[in-house]
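Subject: A structure for you to look at

Dear colleague,

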Amino acid sequence: MVKTEVTLCGEKLDNPIIASSGTFNYGYEMNDLYDINILGSFSCKGTTLEPRNGNPTPRIAEVKDGLINSIGLQNPGIKAVIEEEFPKLRKIYHKKIFANCCGNTPEEFAEVASYMDKEDVVGFLEINISCPNVNGGTSCSSDPSLAYEVTKLVKARTHKPVFIKLSPNVTDIVSIALACERAGADGVSLINCVQGMRIDLKTRKPIIARKKGGMSGPAIFPIALRMVYDVAHAVHIPVIGIGGISTPEDVLEMMMAGASAVEVGAMNLVDPYICKKLVEGLPAAMEKYGIEDINSIVGVA
């Protein structure tokens, strides 16, 4: 029997499949479709200090092998998440989640993290410095010194492992990852969405109300793979690979590039059973390629 179990920062996951933030909400809604305890983990919807209504509509546009979104981190705010969402989650989920923390300033990131630090259902913090669909905050993803500052402040406010979620919309993603590592990050997750847009030929205007949005889906997989490879070979902390994963083979390829685990995002919107299919299909894919232990292929490429 093949071994799919992985370990991140001392926490064991039954498999490397993590549902990504923004496409899995707060988890309990998906449990109506299947038992989400089969997942390695999942990252909850991006949560800010105060409630956010999100961006104006339209905020979704289709593309070949993917989609563009400009949701804008719509969420009820940290207090509502703790008081209303997490109690519902605890009733059905028996593992630790990634808490996706967002903010406009380094101090806001740290404050959201301090709230999440007290929650028993939270095993990891995923600090989302890279959302392309909000005003403010995104400079942290492109400036190594700001990424360093956010990481340092967050680490001072939590005892939980901290993963910094990185943006592909930068000149040198490796320099950002190294800055986070120097500041004490326990890991990095990448990539977030690639900026893109679509134009309606009839109206001759951009489809997205904000004109541009974040592109995700299978079309960005090779971009994500290259960036995971570059970062994983530069840092000495775990890397979670994100971007366009839709098959068990994609999981193996991402881990060969250097990822210790993977997140699955946009495909949850196309097929809400995709994470279940990946968990169930991974052992057969491993056997096909002669892989007895999933950890043995991390970074072999």
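Contact here means heavy atoms within 4.5 Å, while helices (H or I, at least four residues) and strands (E, at least two) are DSSP runs, numbered from the N terminus. Please bear in mind that this is a predicted model, in which local features need pLDDT of at least 70 and side-chain atom pairs count only at pLDDT 80 or more, whereas totals for chains, interfaces and linings use all residues. Residues are numbered from 1 along each chain as its sequence is written, and side-chain values use heavy atoms, with hydrogens and water left out.

Helix pairs

Axes are lines fitted to C-alpha atoms, for helices over the stretch in contact, and angles run from 0 to 180 degrees between N-to-C directions; angles under 35 degrees count as roughly parallel, over 145 as roughly antiparallel, 65 to 115 as roughly perpendicular and the rest as oblique. The crossing of H2 and H3 is right-handed, a crossing being left-handed if the near helix is turned anticlockwise from the far one by less than a right angle, and right-handed if clockwise.

Helix H6 (residues 248-257) and helix H8 (residues 274-288) have axes that come within 8 Å and cross at roughly 70°, and therefore H6 and H8 are roughly perpendicular to each other. H6 passes H8 in a right-handed crossing, and in H6 the residues Pro248, Glu249, Val251 and Leu252 meet Leu278, Gly281, Leu282, Ala285 and Met286 in H8.

Helix H4 (residues 173-182) packs against helix H5 (residues 221-232) at an angle of about 45°, with their axes 9 Å apart, and that makes H4 oblique to H5. Here Ile173, Val174 and Ala177 in H4 meet Met227, Asp230 and Val231 in H5, and by class this contact of H4 with H5 has 5 nonpolar, no polar and 1 charged residues.

Backbone

Most residues other than glycine have a negative phi, and most peptide bonds are trans. Cys9, in the loop between strand S1 (6-8) and strand S2 (11-13), has a positive phi of about 55° although it is not a glycine. A cis peptide bond joins Thr57 and Pro58, with omega about 0°, and Pro58 has its place in the loop between strand S4 (41-42) and strand S5 (60-63). The peptide bond from Leu190 to Ile191 is also cis, with omega near 10°, and Ile191 is found in the loop between strand S10 (187-190) and strand S11 (194-196).

Methods:
Nonpolar A, V, L, I, M, F, W, Y, C, P; charged D, E, K, R; others polar.
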